[in-house]
Amino acid sequence: MSTYGATLFSFVDRDEVRIGDIIKLTIESGKKTSDIPNIKPLEVHFKIIQKPKLTNYTSTQNGHKTTKTRWIIKISPRHSGSLHIPSLIVNNQKTSPIAIKVIRTSFEDNRVRADKPVFIHSEVNKRDELINK
């Protein structure tokens with residue numbers, strides 16, 4: 001899935017994931033720039049795994065040379081459901097939101113929550129304990 005916003009283009013490597021999966025979000029500008037996307041809006045529904053990695057590249061097509069900038073950001077969903085990667089801004093231009101479907105996993109249902117107590121019960125059935133035994 002991909003979206004266009006003026007000369008800003010964004011896409012993800014997949015639009016259906018599970019909790020714990022990593023999504024590769026790519027943002028591409030039609031011109032060379034050193035600005036970095038503001039990724040703060042992503043943090044509402046996604047954990048940032050890798051901050052924007054900037055790459056400038058040049059291509060030649062029909063004798064016309066073009067230099068572009070690409071940022072790759074790795075994110076992971078915080079919860080299941082229908083989520084949106086929000087619009088991100090670079091050089092006063094916006095990407096369009098991207099819909100992501102996050103599927104609930106059995107792990108998500110059964111995981112131990114940090115805010116709930118855990119009780120462990122154990123018994124020793126030997127009368128005389130020895131070190132290293």
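Q: Where in this predicted model is Pro-37 placed?
A: Pro-37 sits in the loop that joins strand E4 (23-29) to strand E5 (46-61).

Q: Why is Pro-37 called buried?
A: The relative accessible area of Pro-37 is 4%. Buried means under 20%, so Pro-37 is classed as buried.

Q: Which residues does Pro-37 touch, not counting residues up to four places away in sequence?
A: Pro-37 touches Ile-27, Pro-52, Trp-71, Ile-89 and Val-90. Each counts as a contact because heavy atoms lie within 4.5 Å.

Q: Why does Phe-9 count as buried, and why does Phe-11 count as partly exposed?
A: Phe-9 has a relative accessible area of 17%, while the value for Phe-11 is 24%. The cut-off for buried is under 20% and that for exposed is over 50%, with partly exposed in between. Phe-9 is therefore buried, and Phe-11 is therefore partly exposed.

Q: In which strand does Thr-69 lie, and why is Thr-69 called buried?
A: Thr-69 belongs to strand E6 (residues 64-77). Its relative accessible area is 0%; buried means under 20%, so Thr-69 is buried.

Q: What makes the approach of the side chains of Thr-69 and Asn-56 a polar contact?
A: The two side chains come to 2.6 Å. A polar contact requires a pair of N or O atoms within 3.5 Å, one able to donate a hydrogen and the other to accept it, so the pair of Thr-69 and Asn-56 qualifies. A polar atom of the Thr-69 side chain also lies 3.4 Å from the backbone oxygen of Lys-31. Leaving aside neighbours within four places in sequence, the residues in contact with Thr-69 include Ile-27, Glu-28, Ser-29, Leu-54 and Thr-55.

Q: How do you know that E6 pairs with E4 and with E5?
A: E4 and E6 share seven bridges in the antiparallel sense, and E5 and E6 share 13 bridges, also antiparallel. Two strands pair if there are at least two bridges between them, so E4 and E6 are paired, and so are E5 and E6. In E6, Arg-70 has Glu-28 opposite, and Pro-77 has Phe-46 opposite. E5 and E6 form a hairpin with two residues between them, and Asn-62 in the turn has a positive phi of about 55°.

Q: How many helices and strands does the chain have?
A: The chain has one helix and 10 strands; from the N terminus on, the elements run β-β-β-β-β-β-β-β-β-β-α. Of its 133 residues, 27% count as buried.

Q: What is the average pLDDT of the chain?
A: The average is 83, and 75% of the residues score at least 70. Over residues 1-6 the pLDDT is below 50, and this stretch has 18 contacts in the model beyond near neighbours in sequence.

How values were computed: Residues numbered from 1 in each chain as written. Predicted model: local features only at pLDDT ≥ 70, side-chain atom pairs only at ≥ 80, totals over all residues. Heavy atoms only, no water. Helix = DSSP H or I, 4+ residues; strand = E, 2+ residues; numbered from the N terminus. Buried < 20%, exposed > 50% of the residue type's maximum accessible area, 1.4 Å probe, protein only. pLDDT = per-residue confidence, 0-100.
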